[in-house]
4 protein chains.
Amino acid sequence: MSPSLRDKIPVAVLGATGAVGQRLLALLADHPFFEVAELGASERSVGRTFADAVTWRLETPLPEVVAGKVVSPCKPEDLGAPLIFSALDRHQASRIEPLFAAAGRTVISNASAFRMEPDVPLVIAELNPDHLALIDIQRKKREWEGCLVAHPNCSTIGLTMALAPIHRAVGVRSLVVTTLQAASGAGYPGVSAMDLIDNVVPGIQGEEEKIESEPMKILGSLEGDGVAAAEMAITAHTHRVPVSDGHLMSVSLKCERPISPAEAMEVLSTFRGRPQERSLPSAPEDPIIVLNEEHRPQPRLDRDRGKGMSTTVSRVGRCSVLDLRFEVLTHNTVRGAAGGTLLIAEWMHSEGAWR
Amino acid sequence: MSPSLRDKIPVAVLGATGAVGQRLLALLADHPFFEVAELGASERSVGRTFADAVTWRLETPLPEVVAGKVVSPCKPEDLGAPLIFSALDRHQASRIEPLFAAAGRTVISNASAFRMEPDVPLVIAELNPDHLALIDIQRKKREWEGCLVAHPNCSTIGLTMALAPIHRAVGVRSLVVTTLQAASGAGYPGVSAMDLIDNVVPGIQGEEEKIESEPMKILGSLEGDGVAAAEMAITAHTHRVPVSDGHLMSVSLKCERPISPAEAMEVLSTFRGRPQERSLPSAPEDPIIVLNEEHRPQPRLDRDRGKGMSTTVSRVGRCSVLDLRFEVLTHNTVRGAAGGTLLIAEWMHSEGAWR
Amino acid sequence: MSPSLRDKIPVAVLGATGAVGQRLLALLADHPFFEVAELGASERSVGRTFADAVTWRLETPLPEVVAGKVVSPCKPEDLGAPLIFSALDRHQASRIEPLFAAAGRTVISNASAFRMEPDVPLVIAELNPDHLALIDIQRKKREWEGCLVAHPNCSTIGLTMALAPIHRAVGVRSLVVTTLQAASGAGYPGVSAMDLIDNVVPGIQGEEEKIESEPMKILGSLEGDGVAAAEMAITAHTHRVPVSDGHLMSVSLKCERPISPAEAMEVLSTFRGRPQERSLPSAPEDPIIVLNEEHRPQPRLDRDRGKGMSTTVSRVGRCSVLDLRFEVLTHNTVRGAAGGTLLIAEWMHSEGAWR
Amino acid sequence: MSPSLRDKIPVAVLGATGAVGQRLLALLADHPFFEVAELGASERSVGRTFADAVTWRLETPLPEVVAGKVVSPCKPEDLGAPLIFSALDRHQASRIEPLFAAAGRTVISNASAFRMEPDVPLVIAELNPDHLALIDIQRKKREWEGCLVAHPNCSTIGLTMALAPIHRAVGVRSLVVTTLQAASGAGYPGVSAMDLIDNVVPGIQGEEEKIESEPMKILGSLEGDGVAAAEMAITAHTHRVPVSDGHLMSVSLKCERPISPAEAMEVLSTFRGRPQERSLPSAPEDPIIVLNEEHRPQPRLDRDRGKGMSTTVSRVGRCSVLDLRFEVLTHNTVRGAAGGTLLIAEWMHSEGAWR
């Protein structure tokens, strides 16, 4: 399970100086499968050492192993690693990621650019690793030697993690979700402090559309050349709140068949995915932690559970309008971005990629 | 409409040193109908001047007219005013308010103690002033010379203000509401700073039950000796957020008959109540202000509209799960407490009470 | 004192869409001396109505009188008003303001670009209106038909207001000041929310130099062709804190001659300037409000005193290291920017300018 | 260095359910020298399991080893451990701690009750472990079989850590310090959220007296039967800011002999204490971390350095009023309370106590 150092897969991080890029580098320090070989960023940073180019903003120190590396342009000819983690924004991603995939690399992307493309797997490692079979179709269709795998939106992740066990048990038909999202979801500098002092802001740009569509693809099943989306109606009310990390959501949902709160808590707390079976390095022991407390989950107290990879659910109860209600919390830059992306790569590694 | 000074009705405020009491005193300074004659508070404050007893925490200065008044015990024999504003907490209110009502006073209460009693009118001045007819029944049943009128919970207020015009137009059958509530809703000191720095807290004690029951009484109709509650199912997800004043709520609702977002905006923005018809001093020109902006309402920017008495609605749209969705904001200590209570008294005054 | 409408001086605001520009427009609505005739802003806004170009972020509504005005370029040929309020940033100001002054306009600037120029008066209306005499020298030297008057930095204002009465009484020799500054001081979007959630940031760019030099010029006296700066040593430690408006500062200072805390409180609380003598519209009754309370001033509770134009001082006591200590608070975008600039214009108007 | 399990010293924690008590229990989980044998708390908690009695508020989970322990009264007859960590408040401490010391226990106290008693050592493990020699005098004077050792105030800690190397090098004569202190310094619930939303509060009760006296005792030297305090004048301006953990301070100081900023940075960054020499478990590798960055230290980014045990200094420069200026940050509940107390115990253990 822990290969010798020379066996480690070299990886490159695109958008390395940004918020998600920094989290990725922190998680990749001393990783048993991967080692950061190259860093890509925008013009402004190219040619400088990473320590010089970045405004490091994590609570943990900048990993020494990357501090002295010189930042390269985000071009396949400048970055040779077979595995590419992309923390680019949507616009950059739409242009740059296909170049790497065409050049034979595996791109695991945190951007929204290709998530809803029929031939691009949109993956949460515990929920639908089988969707990676789309890669074959993708390669044929696009004539790529490499491939592109997408990671969902940071709000989608926590919501879908909590939906999946219930959906499998009794079928989720529809749901209303209201989010209270952390500032880090908008990157750095992102949201102005003037908007979040003594204030919350409703309506996050582009977020509601993602939450209202991505879960159906993830929970869907492979059929023919694509994914048959789960049939489900979702309405999302989004809000930015004065929290640094951790997206909290309240959910009311309607099911195909009856389920009691106790049964829901049971299927949630006993849920395990295949990354847990294989004890992948970033797989939390409990993908979903169920609490039975009135005033939880709270972002500051619960976001770091399972090293930021566990989703926390509490306040599971009957909804008098639909069927079931609960609150769910996920660390948006770990499980909801960098860590979730890394777990997909670990899964692919365990499946024999890059050998 | 503006009586000479000697005609002003003397009023007493119970719980004068608390957060809602302070707001009441600020709103009652220079009021055309009422003048603060007496202040009641707990043992600790009795016998001291108000300026000495209170930790004044509003942005506006302590009104000079009350600064030198000596605080009295909350007993009918110590306070002679015919009109009593009660800002007591639930437990004190349940014991003390009936004593004043029995002693011939009109008690307008902000506490939850009697709200759901069948013979106690639960009133929002624009929505159901006709429920004040319950006073006759109340007096007979309880053998009171005075009476007790209840003001709803601070979250109920904003929600019900926004529901009423839609309910009258097409009938609201059910709704899911998620609240992002200000710290001031818990009074002072109320919530610990440790709970609201880089954090939000789900599940406000006792709040969900109130939001899930009070609107049906307010929107109900007088029948026989009581109120026939509106038939409606409500599920409330509550949260405390790091905001000083202003409760924001996201709502998804199902109606009896179809209504488009444009129609909903129309009935909301054109809504006027009888306090507006009579131009009562605390009645905002627009009880409901409808915006057509993606990132509003915001607590800091919109809570003071209409001097804190207007409810602001935006993001009205179709809900793919139920029928209609929107965000609604109310200033919880003005419209949602002190100002709402005062407006009830102004209405009763315009109806000839205390003459 | 209140001229008929047709006598009002037309004014233009440069940088009208920014944070300080918005405050200026709010303060100029219904002003007895001035009326907003024109709005200047950057390319992006030119040609659009103000309501369309601006993201209005004040708690008070956008004044109707400016909502429909079309935004012009910041050029003397496009803006004809004789009085120009400049809310431009330093770089724009250094280029644009001289063009207006050369073209015969009176420019009152909130930017730092020309503050320390020997022939530019740096004015707090209550403290050194006599420095406006530099305008004659300025016109000769620069061959301008108009003139340029500078308003100090937002932290300088509160500090110097509190220093002046003490300096006049006993001479201030040196002081250590530590600031806790509001986010609005950096404009909008300004500081990232990620920097001010559960955090404070020391070291505001360029701020310490200003605080350590501007007070000496303001407290200096006219001598020959310039201002002889007051002899004083200042060390400033600056911090950005999670507050929307209101700069708080702790001060320890050393004086030429002894002064007791009681004497200091006396000279501070009795201080009045010439704007108070003339009852100028924006002059607060009390330029300095002295409290005798341990836990004040507080930004949220005290920044709006005197409609945001009063400076609040409390905790005056002996400093065991230097001589005297106190805390001082000023509303940074009202007294510290828009309001202070306006008060200079009101003073000049009362002196007969623009007749 | 790592004794077998049966050699671990059993310890009791007084005030175990409070904020500092919780931190202590988290730090004591898996400690190589000590094991938590007993928990003491107030009446309300006695007889309940710790998990039931506590509202656990740390980001790390409640240690399983203490979850099931039954809480005892804070009396020597109910708690048998030889080593007592006291996280009691001042009033409880003044009554209870002497009972344990009289009963032969070593009490290491975080309370202020006995800090300034001449025969009580006030200790920072890196700075003055030699002051523990006062224990002999204390035992004689008070006829105690055990002893009482005091840990300084949470603001004193960070300040004195940064002062010590400079004081040793060139003698510190006087200083002005302004604090920006975290909410956790007031315990839980402590400060009201209403005081720290869009606000800061000057003047922390009792704090300035402590900061202005404790450093002189810690930096003093043993003479005869007590400590000759260092001769130094300190003025402290304190503020509570909306930060969860981490006290930030700006310091301007005057020295006996000249020191350049570079020299100061050198003596600070090379400072090591005897706990470092002995590699005690809680001793950070670098007691003081010196940065050379304009916008650091920041509470959220720097408080956890050295697992919360390192003090961070930056912005070292010349002070134009006194001699030297800098900013210093310490984690107030780790280094400034629980961790600092534990390090004293580790030092005493390394000296042979409890053998």
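The domain bounds used here come from an automatic or database domain assignment. The model itself is a predicted one. For chain A the assignment gives two entries: domain 1, made up of residues 5-153 + 338-350, and domain 2, covering residues 154-331. The C-alpha centres of these two domains of chain A are 24 Å apart.

The two domains of chain A also touch each other, with 31 residues of domain 1 in contact with 31 residues of domain 2. On the domain 1 side of this contact, helix H13 of chain A (residues 334-350) gives the most, contributing seven residues. By residue class, that side of domain 1 of chain A divides into 16 nonpolar, nine polar and six charged residues.

The largest nonpolar core has 451 residues, and the residues with the most contacts inside it are Val13(A), Val13(B), Val13(C) and Val13(D). In chain A, with residues up to four places away in sequence left out, Val13(A) touches Gly21(A), Leu24(A), Leu25(A), Val36(A), Leu39(A), Gly40(A), Phe85(A) and Ala87(A).

S5(C) pairs with strand S4 of chain C (residues 106-109) in the parallel sense, over four bridges. Within this pairing, Ser109(C) stands opposite Ala150(C) of S5(C).

The relations between chains remain to be described. Two copies of a chain are related by a rotation about an axis and a shift along it. Chain B is superposed on chain A by a rotation of 180° with 0.0 Å of shift along the axis, at an RMSD of 0.0 Å. That is the relation of a two-fold axis. The same surface serves both copies, as 100% of the contact residues of chain B recur in chain A.

Chain C is likewise superposed on chain B by a rotation of 180°, with 0.0 Å of shift along the axis and an RMSD of 0.0 Å. In chain C, the C-alpha nearest this axis belongs to Asp198(C), 2.8 Å from it. Here, too, the same surface serves both copies: 100% of the contact residues of chain C recur in chain B. Seven residues of chain C are in contact with seven of chain B. The side of chain C that touches chain B comprises two nonpolar, no polar and five charged residues.

Note on methods
Residues are numbered from 1 along each chain as its sequence is written. Chains are lettered from A and ligands numbered from 1 in the order in which they are written. This is a predicted model: local features need pLDDT of at least 70, side-chain atom pairs count only at pLDDT 80 or more; totals for chains, interfaces and linings use all residues. Copies are superposed by least squares on the C-alpha atoms of residues with pLDDT of at least 70 in both. Ala, Val, Leu, Ile, Met, Phe, Trp, Tyr, Cys and Pro count as nonpolar, Asp, Glu, Lys and Arg as charged, and the others, Gly among them, as polar. Two strands pair if DSSP finds at least two bridges between them. Helices (H or I, at least four residues) and strands (E, at least two) are DSSP runs, numbered from the N terminus. A nonpolar core is a set of buried Ala, Val, Leu, Ile, Met, Phe, Trp, Tyr and Cys residues joined through C-beta atoms within 7 Å. A residue is buried if 20 or more other C-beta atoms lie within 10 Å of its own, exposed if 12 or fewer, and partly exposed in between; C-beta atoms are placed from the backbone.
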